[in-house]
Protein chains: 2
Amino acid sequence: MEKGESTVTPWEVKGEVDYDALIKQFGVEPLDDVLLERLKKQAGFLHILLRRRMFFAHRELGDWISSYDKGVNAALYTGRGPSGNTHLGHLIPWIFTKYLQDAFGSELYFQITDDEKFYVNPDLTLEEIAGYTKDNLLDIIAVGFDPKKTKIFCDMEYTKELYGIAARVAKHVTFSTAKAAFGFTDSSNIGIIFFPAIQAAPCFLPQRLTGKDAHILIPCAIDQEPYWRVTRDVAPKLGFRKPAGVYSKFIPGLGSGGKMSASLPETAIFLSDSPEAGAKKIKNAFTGGQPTIKEQKEKGGNPDVCVIYSYLYSLFDEDDKNVMETYNQCKSGGIMCGTCKNRLAEMIKIFLTEHQKKRADAKAMVNEFMLKG
Amino acid sequence: MEKGESTVTPWEVKGEVDYDALIKQFGVEPLDDVLLERLKKQAGFLHILLRRRMFFAHRELGDWISSYDKGVNAALYTGRGPSGNTHLGHLIPWIFTKYLQDAFGSELYFQITDDEKFYVNPDLTLEEIAGYTKDNLLDIIAVGFDPKKTKIFCDMEYTKELYGIAARVAKHVTFSTAKAAFGFTDSSNIGIIFFPAIQAAPCFLPQRLTGKDAHILIPCAIDQEPYWRVTRDVAPKLGFRKPAGVYSKFIPGLGSGGKMSASLPETAIFLSDSPEAGAKKIKNAFTGGQPTIKEQKEKGGNPDVCVIYSYLYSLFDEDDKNVMETYNQCKSGGIMCGTCKNRLAEMIKIFLTEHQKKRADAKAMVNEFMLKG
């Protein structure tokens, strides 16, 4: 793949992603100041993931907030494909979803797409996936969602309600449409071809469960957007509102280029990594620094390509002034990579320690969250 | 469509069907005397649908009987797509299935493909289909299956178990395979593309429910055969036996040519027709008779194209000698169409009266038969 080229589909993110180009390609809108102001007003503060534009694009977020203002059930929907252990990249939409749940007091529908992961991974069995599901559930619950307002469900378990909706969706989606949105070919299996209907189903689940109007907002990474494009086309045919969406960038892996990926374990901070192991990965990460301290002092570093800086900026350093200073100091050669690495490593240690404590507490709460089939 | 041309797929049967050609086209085997003898020995008699070759072809029926002989759970599986009221044509595989259940003491898995009918009928809603399901169930139960050994289930209700198996099947079926077997196109919806996996699932349901080996035999009309071809390819990949099949011809409609079809109500004997209405349809049926009594006496009729004779032969006149005499008398002009019509009309009256009595009794038995999701 040439420099600057990229592939972004629900099953593959490759290359250097140009997010401005994706906005055009996917036909979504950038998050503007008016929307940020509305979110800030409702939440009482602007989340770091918004301030630093990790969440950067949306579809009809404003309409969703207006639905909330009018008293419509403004619910949230996000999900997880349990094909391995959870890493920091997976957590970003969930952290943001919790922010929205806290701000709007929203119901949250959380789908575990165990079927999808079975369809797309030739070597994964349903039994292995069930093991990952059990594990991943703890990470999800550890994020701190409101157990009274959060319904988590697995496709292979909560099947009846989901298939009941998915059948209605599927009737309106031709192979031609699915092919265009997801790149299916003659070699795609008929499970993954049907799956977009299963992933669409939760957009209409609150309506089905309550018989009342609802407006769904989906916080997720931008690679999931093709699902909602297809779902939005079908929604009015079923008499439902189109789901709104708010989309994040990918957090980079700790190596040079590419999103954080479970398939490159040394470049991903797994939520199950020991705090020490997590810190060590940070210390081995790719930076924008010069080969020697001398050169760094003379020429300065490049925070724009530095993974360490990107983590501080996107998620860990809440202090706007501090993060700007770090940027400028790096550029001017006034700060060495070791300093930033040590700072982030400490933050990662604290983050993992706290997450793993909440994860341990989550074990007793699983049943409280689950929708049973 | 030219004379002699025909189309036979699970959703369309058109033209004059050449059953010998279908045997070759579908790669199935004709039912031979050795198999008939084995069935006769087990059942104590040879069913009229076998004697008159309404059931005419099979796949590995002999292996299935051998499995029974070896003590393997030799179970039956058939089904119904609830897109309208049940007619006589639908009943034929069920009557034969009851014969097999009685003979082998087999478990019967009976699938109601409410999802399929939703996917393929643009104008049918799930609510309308649920109405037909409720109605059709009574006709199924009226056939007299053993309630202790018969499990009826609807795809939209008994979804969890079925989807759990269907996902395993679907992973091994590419769009290319499904396209070749079922004639799917880019315009096919993603629901019907996935559906073959749902229809395959009951072939592996007893194994899933009991954890033990089972061998499934599917009695059905020959148009369903593409499903089992695909299922048989997948079975060994899942560690299961390939399902066997035994296939019937179509009973003709009361008009000139074509199978009995609910879309031509005047040419179909619905099980809900009053006995008088049924008798009247018989009296209006297409025969092989001459335009006048005089000509009939002089030239004789043509029982080979006569719908009335075909009903007597295939299903209603158990007496081999009698049916042969009718054939010869017709040919020689010694019998008029009115005589045959009256005889069949009386038989239809009795049949409908008895069926409708059993149908009324069935209302109290539905719960006993249903697998609940």
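Reader: What makes a residue part of the contact, and how many residues does the contact take from chain B and from chain A?

Author: In this predicted model, a residue counts if its C-beta atom, placed from the backbone, lies within 7 Å of one in the other chain. The contact takes 28 residues from chain B and 28 residues from chain A. On the side of chain B that touches chain A, the elements giving two or more residues are helices H6 (114-120), H8 (159-170), H9 (175-182) and H10 (190-200) of chain B. The residues of that side comprise 15 nonpolar, nine polar and four charged.

Reader: Why are the two copies said to be related as by a two-fold rotation axis?

Author: Chain B is superposed on chain A by a rotation of 180 degrees with 0.0 Å of shift along its axis, at an RMSD of 0.0 Å. The two copies are therefore related as by a two-fold rotation axis. The same surface serves both, since 100% of the contact residues of chain B recur in chain A.

Reader: How do you know that strand E4 and strand E9 of chain A pair?

Author: Pairing needs at least two bridges. Four bridges join E4 (residues 55-59) to E9 (residues 244-248) of chain A, and the two strands run antiparallel. A:His58, for one, has A:Val246 in E9(A) as its bridge partner.

Reader: What is the strand order in the open sheet of chain A, and why is one side of E3 and of E7 left without a neighbour?

Author: The seven strands follow the order E3-E4-E9-E8-E5-E6-E7, with mixed pairing. E3 (29-30) and E7 (150-154) of chain A stand at the edges with a single partner strand each, so one side of each has no neighbour in the sheet.

Conventions
Residues are numbered from 1 along each chain as its sequence is written. Chains are lettered from A and ligands numbered from 1 in the order in which they are written. This is a predicted model: local features need pLDDT of at least 70, side-chain atom pairs count only at pLDDT 80 or more; totals for chains, interfaces and linings use all residues. Copies are superposed by least squares on the C-alpha atoms of residues with pLDDT of at least 70 in both. Two residues are in contact if their C-beta atoms, placed from the backbone, lie within 7 Å. Ala, Val, Leu, Ile, Met, Phe, Trp, Tyr, Cys and Pro count as nonpolar, Asp, Glu, Lys and Arg as charged, and the others, Gly among them, as polar.
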